[in-house]
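Biologist: Could you walk me through reading this structure? I am new to it.

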Amino acid sequence: MKELTEIKNIVSNPYAYIRKCKKQTGKKVVGYCCSYAPEEIIWAAGAMPVRLFSANENIHLADTHLQSYCCSLVRGILEEALADRLDFLDGVIFPHTCDSFQRLSDIWRLNIKGPFHLDVVLPVKLDTPSALQYLRDALEKFKNDLGGKLGREITNAMLADSIRTYNKIRRLIGKLYELRCENPQIISGADFHAVIKAAMIMDKNDFLEALSQIITQLEKDGAQKTKAKVKKLVLSGSVCSHPDIYNIIENAGGVVVWDDLCTGYRYFEGLMAENSRPLEAIAERYLNRVVCPAKHMQLKGRGENLVRLVKNSGAEGVVFLLLKFCDPHAFDFPYLKGMLEEASIPCMLLDVETELPSEGQLQTRFETFIQIL
Amino acid sequence: MRTAGIDIGSITAKAAIVEDGKILGTKVIFTGYNAEAAGTKVYEELLREKSLDKSAVEKIVSTGYGRNSVNFADKSFTEIMCHAAGAYHLDKKVRSIIDIGGQDSKAILLDEHGKVKNFVMNDKCAAGTGRFLEVMARALEVDLDEFGEISVKSEKPSKISSLCTVFAESEVISLIARGEKRKDIIAGIHESIASRVASMSARIGLIEPLMITGGVARNSGVVKALGKKLNMKIEVLPYAQVTGAIGAAFLATTL
């Protein structure tokens, strides 16, 4: 499939794609690190939002600013900036989430010269009566600040247009998840991971077009591909920048059919109302979506969601993919595990950093886990 | 029915032959650089010792980190599945296993039918494994086989606080320089392994009867320290090191 090959090329060298895109379209590039970044406003402003990921290289420059007890995602993103590999950025935004990202925002302001810098101060508790108004005001302020930095006014019409584009993408990604859940044979986990990652890197219109083509093709192919007997799993955690995980699980006789990742379903979950005021619609999505553990919404919301995901997807187990030293996720893990146990859903925990543990070890753990399901 | 199990570990390669529920023989050699050659060698040596021809063995299962390099095996299973199967066949009452091998340590929970219910495995680091003991034996200039016997005499085990093998080694060297007794240092090393393995095992919750398997089970000092730390009785069988290979041979009967 031509579109899939293109997407895989882009994902294997995102910086080259972003530079080329910037040159061709003249768009400003705005980086972000988390799915609480109101991307819709950046895209509405005519800029190109791109998600920043950790360095695949050894982290050494960032170590002068961040201690080793900070997660490899935060340290890795700083490494990329300090090594001057993000010189295509015109701006960068930091939504208020976990402590490490807040500190990264400050360290960035002190040390990275060039791109403009904006914080988006979101509420921490998302289930209080004032959360919607607070969030709406924060988004309004961000819209005005961003407009100022980019030298243009961001109108409601521009926002409404952007919301429609994001809704289309999110609807299609939802479709992709459903197709793969129904018949995991239609697209390999590594290819699926590439499509999801491309959504956070590519120009939204280009991505939307490629994605529509891919889904049409998969629906056509899907009818011919037989469903193999494999154990379905749900992946839970923050970010997954290891496409190899999908391969290792598939080699061990399993398949990831759903996830609750920040770089996965949580990023796509929920549509925005197209007939109400745009900033409210964006805010409401954040209030309806399942939270990141750095935010608060109902004591057991994430656990209930995870159990529901497992049941709805027909999965037989959960793999927790947690970044070492990510404390919000680590704090939640014991209660999530407890809720899964109550529902008789087996789970295994994998602690990862930039590099995966040795493949032999991983293979042994996944093979055993899948065999005992 | 006669079957064989081949367990290629990081330090040793093991083979076992089983006939109608009985263990005919077992063999242990060093794995060395070439895992594939070690698998062939340990199996052929065992066949020779038992005066058996290859054709006399119906099915073969491989296990261990080198399980996929045993190209003459009919199937491979992970060492967790094989240690569970082996321990269960040796003692049907066993409900938990601690397996300490060359580079991994694992805790495994079984149900009453010998099926694996849950497991946990050390990641990345060599602390709490056989490799850790080897490093320490070198620093202390003691034969590893004597470790158990020496440590039992200690009344005041030294404190080893580093979890990292490299740091622990330098800690041991400082203890030697300070003139601490060998038996106390070795007992301290065993306690440090025991506390590492015990805290890992706590994640799945061990149930008695508990059996220890893997090469490190041969070290009575580690077993004693672990029993004390867990406050549990630990069953040690002479087959501890070859339990994985025996389990593989038993699993081969189900193919």
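Biologist: How many residues does the contact take from chain B and from chain A?

Modeller: First, this is a predicted model, where local features need pLDDT of at least 70, side-chain atom pairs count only at pLDDT 80 or more, and totals for chains, interfaces and linings use all residues. Residues are numbered from 1 along each chain as its sequence is written, with chains lettered from A and ligands numbered from 1 in the order in which they are written. Two residues are in contact if their C-beta atoms, placed from the backbone, lie within 7 Å. Here, chain B gives 10 residues and chain A gives 10 residues.

Biologist: Which elements give two or more residues to the side of chain B that touches chain A?

Modeller: They are α2 (79–90) and β8 (116–121) of chain B. Helices (H or I, at least four residues) and strands (E, at least two) are DSSP runs, numbered from the N terminus.

Biologist: How are two packed helices described?

Modeller: By the angle between their axes and the distance between the axes. In chain A, the axes of helix α7 (residues 156–182) and helix α9 (residues 204–222) come within 10 Å and cross at roughly 25°. Axes are lines fitted to C-alpha atoms, for helices over the stretch in contact, and angles run from 0 to 180 degrees between N-to-C directions. α7(A) and α9(A) are therefore roughly parallel to each other (angles under 35 degrees). Their contact includes A:Leu172 of α7(A) and A:Phe207 of α9(A).

Biologist: How many helices and strands does chain B have?

Modeller: Chain B has 8 helices and 10 strands. Its C-alpha trace spans about 60 × 35 × 30 Å along the principal axes.

Terms used:
Parallel < 35°, antiparallel > 145°, perpendicular 65-115°, else oblique.
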